[in-house]
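Reader: Please walk me through this model, one feature at a time.

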Amino acid sequence: MGNVQQAVERLGRTLEDGGIPRMPARVFAYLLAEDRDHCTAAELAAALQVSPAAISGAVRYLIHNGLIIKDRRPSARGDLYRLVDGDVWGAMITARLPQMDHYLESLDKAVALLEPGSPGRARFEETRDCFALAREATADLAERWARHHDAHTR
């Protein structure tokens, strides 16, 4: 196994441990490690030694989560897949904010349905407060990362 494959498998396992499904984690790690700026599904399948169907599901997941982009090739068969433009890590952090907002909205509505002073409501309020703090910290991290990234990529 070459160094690129070892790096892909190492990061892929780490991303998987963090909650990203196995195949999307491997595809994402491969696109990070690959020197070319884009790959076809067939190239990804060959590089990762998996079926085209596995790649199809993985790229759908990664596109949905804002980590990669699908480009159409007008003169040839097959789409091209690449990392999002610019700062992929900033995009990853920022992509979590709408999901966290959704959780907070749902928790606010759920809290309002529960009896004031009840243990269940107290647990929901604590959960909401934790998510609010995590959302604030994530937004702060996104801003700090953008400043850091900008300062180091000029």
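**Reading the model**

Author: Thr138 sits in helix H6; helices (H or I, at least four residues) and strands (E, at least two) are DSSP runs, numbered from the N terminus. This is a predicted model, where local features need pLDDT of at least 70, side-chain atom pairs count only at pLDDT 80 or more, and totals for chains, interfaces and linings use all residues. Residues are numbered from 1 along each chain as its sequence is written, and side-chain values use heavy atoms, with hydrogens and water left out.

Reader: Is Thr138 buried or exposed?

Author: Start with the cut-offs: buried means under 20% relative accessible area, exposed over 50%, partly exposed in between (1.4 Å probe, protein chains only). Thr138 is buried because its relative accessible area is 16%.

Reader: Which residues is Thr138 in contact with?

Author: Contact means heavy atoms within 4.5 Å. Leaving aside neighbours within four places in sequence, Thr138 is in contact with Ile93, Leu97 and Met100.

Reader: Where is His148 found?

Author: His148 is also in helix H6, which spans residues 119-152. His148 is partly exposed, because its relative accessible area is 38%.

Reader: Now H4. How many residues does H4 have, and what span does it reach?

Author: The expected span of a helix is 1.5 Å times one less than its number of residues. H4 has 13 residues and reaches 18 Å from its first C-alpha to its last, close to the 18 Å expected at 1.5 Å a residue.

Reader: Which residues of H4 are buried?

Author: Ile55, Ala58, Val59 and Leu62 are the buried residues of H4. They cover an arc of only 95 degrees around the axis, so they are on the same side of H4. The arc is that of the directions from the helix axis to the C-beta atoms. On the other side of H4, Ala53, Arg60 and His64 are exposed.

Reader: What covers the buried residues of H4?

Author: The cover includes helix H2 (22-33), H3, strand E2 (68-71) and strand E3 (80-83).

Reader: How should I read a positive phi?

Author: Most residues other than glycine have a negative phi. Gln49 is not a glycine, yet its phi is positive, about 55 degrees. Gln49 lies in the loop between helix H3 (41-48) and helix H4 (52-64). Gln49 counts as exposed because its relative accessibility is 73%. Just after H4, Gly66 takes a positive phi of about 70 degrees.

Reader: Where does Asn65 lie, and which residues does Asn65 touch?

Author: Asn65 lies in the loop between H4 and E2. Asn65 counts as buried because its relative accessibility is 17%. Not counting residues up to four places away in sequence, Asn65 touches Ala95 and Arg96. C-alpha to C-alpha, His148 and Asn65 are 23 Å apart in space, and they are 83 residues apart in sequence.

Reader: What volume does the largest pocket have?

Author: Rolling a probe the size of a water molecule over the atoms shows where empty space is left. On a 1 Å grid over the protein atoms alone, a pocket is an open set of points where a 1.4 Å probe fits, with protein on both sides within 12 Å along at least five of seven lines; lining residues have an atom within 4 Å of a point. The largest pocket has a volume of about 200 Å³, a volume being the space filled by probe spheres set on the points.

Reader: Which residues lie nearest the centre of the largest pocket?

Author: Ala41, Ser56, Val59, Asp79 and Tyr81, among 15 lining residues. H4 gives the largest share of the lining, six residues.
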